[in-house]
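Please look over the sequence and the structure shown here, and then follow the paragraphs below, which lead from one place in the chain to another.

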Amino acid sequence: MIQFKQLTFSRAGKPLVEAASFQLHPGHRVGLTGANGAGKSSLFALLRGELVADAGELLVPAYWVIAHVAQETPALAQSALDYTLDGDEELRTLQASLARAQAGEAHDPLQVSEWHQRLADIDGYSAEARASTLLAGLGFSQAQLTQPVSDFSGGWRMRLNLARALMCRSDLLLLDEPTNHLDIEAVIWLEGWLGAYRGTLLLISHDREFLDNTVNHILHIEQHKLDLYRGGYSDFERQRAEKLVLQQVSYQKQQQQMAHLQSYIDRFRAKATKARQAQSRIKALERMERISAAHIDSPFSFSFRDASPAPDPLLVLNQASLGYGDKALVRLPHLAIRPGERIGLLGKNGAGKSTLIKALAQSETLLAGERVEGKDLRIGYFAQHQLEQLVASDSPLQHLQRLDGGAREQELLDFLGSFDFRGEMAKTPCGPFSGGEKSRLALALLIWKRPNLILLDEPTNHLDIEMRHALSLALQAYEGGMVMVSHDRTLLATCCEKFLLIADGRAEVFDGDLEDYKQYLLKLASAPVMPAREQAAKQNSYHQQKAERQARLAERRPLLKALSNLEAQLAKLETEKQVLENRLAESEIYNPEQKTALQTVLMTQTTNRQQLETIETEWLALQEQLEALPEID
């Protein structure tokens, strides 16, 4: 087992952890969490022997093999398969010894026999097949297995490093943000692989869903302390919330966040039996309500500024062919994005999700067809390459001033403070900022522009859990249109109500939520290969069923639009209702000198109650009409 005995360590003179004592037993699956800079990567460096503790002891069995994911990958001529196989050092040593023996360099038959037996003991004769399976699970095609490492981009090289770490028959596996360069398909596969891993796992991740599906303990770094919690990440948040809720000074803020989430739960609850997306969203929001107290001390609390007036539709693609040069990746007969619509894009890396986002943003990848913008369309576009477009010598404040020269400096500083750019940091050149800090700045710039359509391509890369939580809350309250690509399933589940699946060169509406998509992927992975004639017959049947379903959807669409409009009004009225109730709960409003204010609040509450009853009646009538229509399979 791993033992921490009064362990204290620091980095570059900065204290990180003091007097930590606990044990990690073989087979434990531990998620390492904490704010950026708290010491997570330094703890990994200690375990690898790259950092020395200031005091105390960190004891790891001397015979344990420790595997980790390298952060750099040289441009090698070696094939992807061979590079992955190198992760098992004992395998490679045995193979080299046998090769020398067969070349005449060794002549001891007994030794050769022992090597063969050891190779069989470590399942070495199936190593190439296992490496191929690893690479396939991480998204590599059969043809890519023989390509040199130098042919792959940075993101795919990180996948190779991950495959190499998984190939190692380790006793301790250290994974630092392994999902950052993966799509949802590869993340789901990795969860399954880690579920079968027999060693001890220590995992750094800001992906709540991934942590819940892979770990049974959480090791949290906070205020120079290491605390070990039993259970997954949701269990940790609940346990931590029970501690934090006792802090009276933070109680009111927690209640406000819970009220905000409750308004969304109320908005969708009645539709739960009719729409799987709504049901999934309710479950996610109910879960967020339970854990909200764990984030009441978060440094982030921001919201989108009121969106500019929006056209309807916001943006339309007709008979679109998308790709690069003369290569079409995706064909899309029609896509109309409407105000308030929240679309998540699903599909493997390379299928064309980012290609579609770019076409929506600026026609960059539109090879054929037309792209029609609504009048007064204002797009907010976030992609990782935009971090490189930040001016390194400029501060966050200077970036905002360039966007809006007429705004007061204090107003800009207050806004930046909600993204945790406070004090001197708001006026410091952004060049030395971390990836997470640059992502926060890019998001702040996007929000300041007051877009009525936002396009987000992997917005959570480099963001910690607290910032992801704040972004999720802000996106839920945003009233404009949204299209998002993300491997963060929590963000997709809580912020998207409709999904487009991009696969086999087509973009089509996916009928279901993310749990349905997971089952779809698992079924796809286990499906036998059918003869071409059967595939064609199945495809024809699928398209016929799809056409019938689209006709039923068209019949329901006007009612759904009307319901959506009423739900938006209900959400605003519920928020107003909560504000009024909070005001009436304050004792000072009942003082004699507050009589006029009390009367105003009571009159406003009466009006609010009447409006709620009227709109709820209209909503119920429309819901009855919707339920009278034929069901959609």
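With a relative accessibility of 44%, Asp312 counts as partly exposed, a class that lies between buried (under 20% relative accessible area) and exposed (over 50%), worked out with a 1.4 Å probe on protein chains only. This is a predicted model, in which local features need pLDDT of at least 70 and side-chain atom pairs count only at pLDDT 80 or more, while totals for chains, interfaces and linings use all residues. Residues are numbered from 1 along each chain as its sequence is written, and side-chain values use heavy atoms, with hydrogens and water left out.

The side chain of Asp312 meets that of Arg338 in a salt bridge, at 2.8 Å from N to O; the term stands for a side-chain nitrogen of Lys or Arg within 4 Å of a carboxyl oxygen of Asp or Glu. Arg338 lies in the loop between strand 11 (327–337) and strand 12 (342–346), and Asp312 in the loop between helix 11 and strand 10, so the pair ties together parts that are 26 residues apart in sequence. Helices (H or I, at least four residues) and strands (E, at least two) are DSSP runs, numbered from the N terminus. Arg338, at 28% relative accessibility, is partly exposed. Asp312 is also joined to Pro313 by a cis peptide bond, with omega at about 5°, and Pro313 has its place in the loop between helix 11 (276–291) and strand 10 (315–324).

How many salt bridges does a search of the whole structure find? The search finds 21. One of them joins Asp88 and Arg169, whose closest N and O atoms are 2.8 Å apart. This pair links distant parts of the chain, 81 residues apart, with Asp88 in the loop between helix 2 (80–85) and helix 3 (89–102) and Arg169 in the loop between helix 6 (154–167) and strand 6 (172–176). Asp88 counts as buried at 3% relative accessibility, whereas Arg169 counts as partly exposed at 32%.

In another salt bridge, between Glu409 and Lys427, the closest N and O atoms are 3.7 Å apart. Here Glu409 belongs to helix 14 (residues 409–417) and Lys427 to the loop between helix 14 and helix 15 (435–448), 18 residues apart.

Turning to helix packing, helix 7 (residues 184–196) and helix 18 (residues 514–526) pack at an angle of about 75°, with their axes 11 Å apart. That makes helix 7 roughly perpendicular to helix 18, a label for angles of 65 to 115 degrees, where under 35 counts as roughly parallel, over 145 as roughly antiparallel and the rest as oblique. Axes are lines fitted to C-alpha atoms, for helices over the stretch in contact, and angles run from 0 to 180 degrees between N-to-C directions. Ile184, Glu185, Ile188 and Glu191 in helix 7 are in contact with Tyr517, Lys518, Leu521 and Leu522 in helix 18, contact being heavy atoms within 4.5 Å.

Leu219, in strand 8 (residues 217–222), is buried, with a relative accessible area of 0%. Among the residues that Leu219 touches, not counting those up to four places away in sequence, are Phe22, Val30, Leu43 and Leu228.

Lastly, Asp504, found in the loop between strand 17 (498–503) and strand 18 (506–510), has a positive phi of about 55° although it is not a glycine. Most residues other than glycine have a negative phi.
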